[in-house]
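Student: Please pick one part of this model and take a close look at it. Then follow the chain on either side and finish with the whole.

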Amino acid sequence: MIKRFLFLSVIATSLSITSCQKEEAGNKATVENDVAKADQELVVTDAVREKVKELNFNSKHIEVITQKNLNGESESVFQIEGDILMSQETLSEMEPGDITNKQYRTYNLVSSPRNVNVIGYTGGAGQGLTSKQRSALQRAVNNYNALNIGLNFTLTFGTNYQAYDIVVYQTQNGQAGGVAGFPSNGNPYKFIQIYSGMENYSTATNEHVMTHEMGHTLGMRHTDWFSRQSCGQSGESANPDGAVHIPGTPTGYDSNSVMLSCFSSSESGNFGYYDEVALEYLY
């Protein structure tokens, strides 16, 4: 049996929440105030669970963890479903939307056409990419440049990362997988963390993780968010909220998608057919 690993994806969008009816608006405002308070204190309250459920995430599995950023600063965030991180402000700002069981994106996308500058971090303190990870990142960038989309990606390696659109670096935690975020203000999410345990896997599997996390920075959600079938779970029936389906992608489970919630140690690193359809539709 192939062991499968969870992805971690930090969500960093900035969206407003509106309501048509005054009573609903009042109730929502109360929930948002409670969520904002919980964000400040990082307490998993009933209001937090209700908002997580509204956004189509599993409200039964929420905890508070601390993550270390590239600049050395630490940030406390909510961890949901074991593989999704939400920043302090995001939970109260995210907005649900109509969906069906197909491939999905967030509301925020990257402005196009444009060039996206990517840097693989090579600094010290265990945060520089290994030789294998650098090769995998080059292959992931090649995957995107092979698409017929309005985004072109250029890749370099170094330590002066501030001016770049996407920064890919390593986190020393011994785990397999990575973490990234969603676009804001027309820009891709800036930081992708690759976990140090990926050094134990092939270049192709590292390529898969890099390609997956880059997908998040462009606004792609997990393909099987509604069932998490790739993680060996039967899933829960998802309410019609929290994701936007992409026309032309299949109904139900797509086992070939690079954007599945979990991955195996035998990945090819390549896009599935409908991943390409989805990205070419969006961009």
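Tutor: Helices (H or I, at least four residues) and strands (E, at least two) are DSSP runs, numbered from the N terminus. The model is predicted, so local features need pLDDT of at least 70 and side-chain atom pairs count only at pLDDT 80 or more, while totals for chains, interfaces and linings use all residues. Residues are numbered from 1 along each chain as its sequence is written, and side-chain values use heavy atoms, with hydrogens and water left out.

The part is helix H4, residues 131-145. The expected span of a helix is 1.5 Å times one less than its number of residues. For the 15 residues of H4 that gives 21 Å, and the end C-alpha atoms are 21 Å apart, which agrees.

Now its cover. Buried means under 20% relative accessible area, exposed over 50%, partly exposed in between (1.4 Å probe, protein chains only). The buried residues of H4 are Gln133, Ala136, Leu137, Ala140, Val141, Asn143 and Tyr144. Their arc around the axis is only 150°, so they sit on the same side of H4. That arc is taken from the directions from the helix axis to the C-beta atoms.

What do these residues of H4 pack against? Their partners are strands E7 (114-121), E8 (151-158), E9 (166-171) and E11 (191-195), plus helices H5 (203-217) and H6 (273-282). Contact here means heavy atoms within 4.5 Å.

One partner deserves a word. H5 is mostly covered, with 14 of its 15 residues buried. Just after H5, Gly219 has a positive phi of about 105°.

Next, the loops. Most residues other than glycine have a negative phi, and most peptide bonds are trans. Ala125 lies in the loop between E7 and H4. Its phi is positive, near 60°. Ala125 counts as exposed because its relative accessibility is 75%. Asn185 is in the loop between strand E10 (178-179) and E11. Its phi is also positive, about 55°. Asn185 is exposed too, at 75% relative accessibility. Pro113 is in the loop between strand E6 (104-105) and E7. A cis peptide bond, omega about 0°, joins Ser112 and Pro113.

Last, the whole protein chain. It has six helices and 13 strands. Of its 283 residues, 51% count as buried. Among contacts with a separation of 6 or more, 75% join residues 24 or more positions apart.
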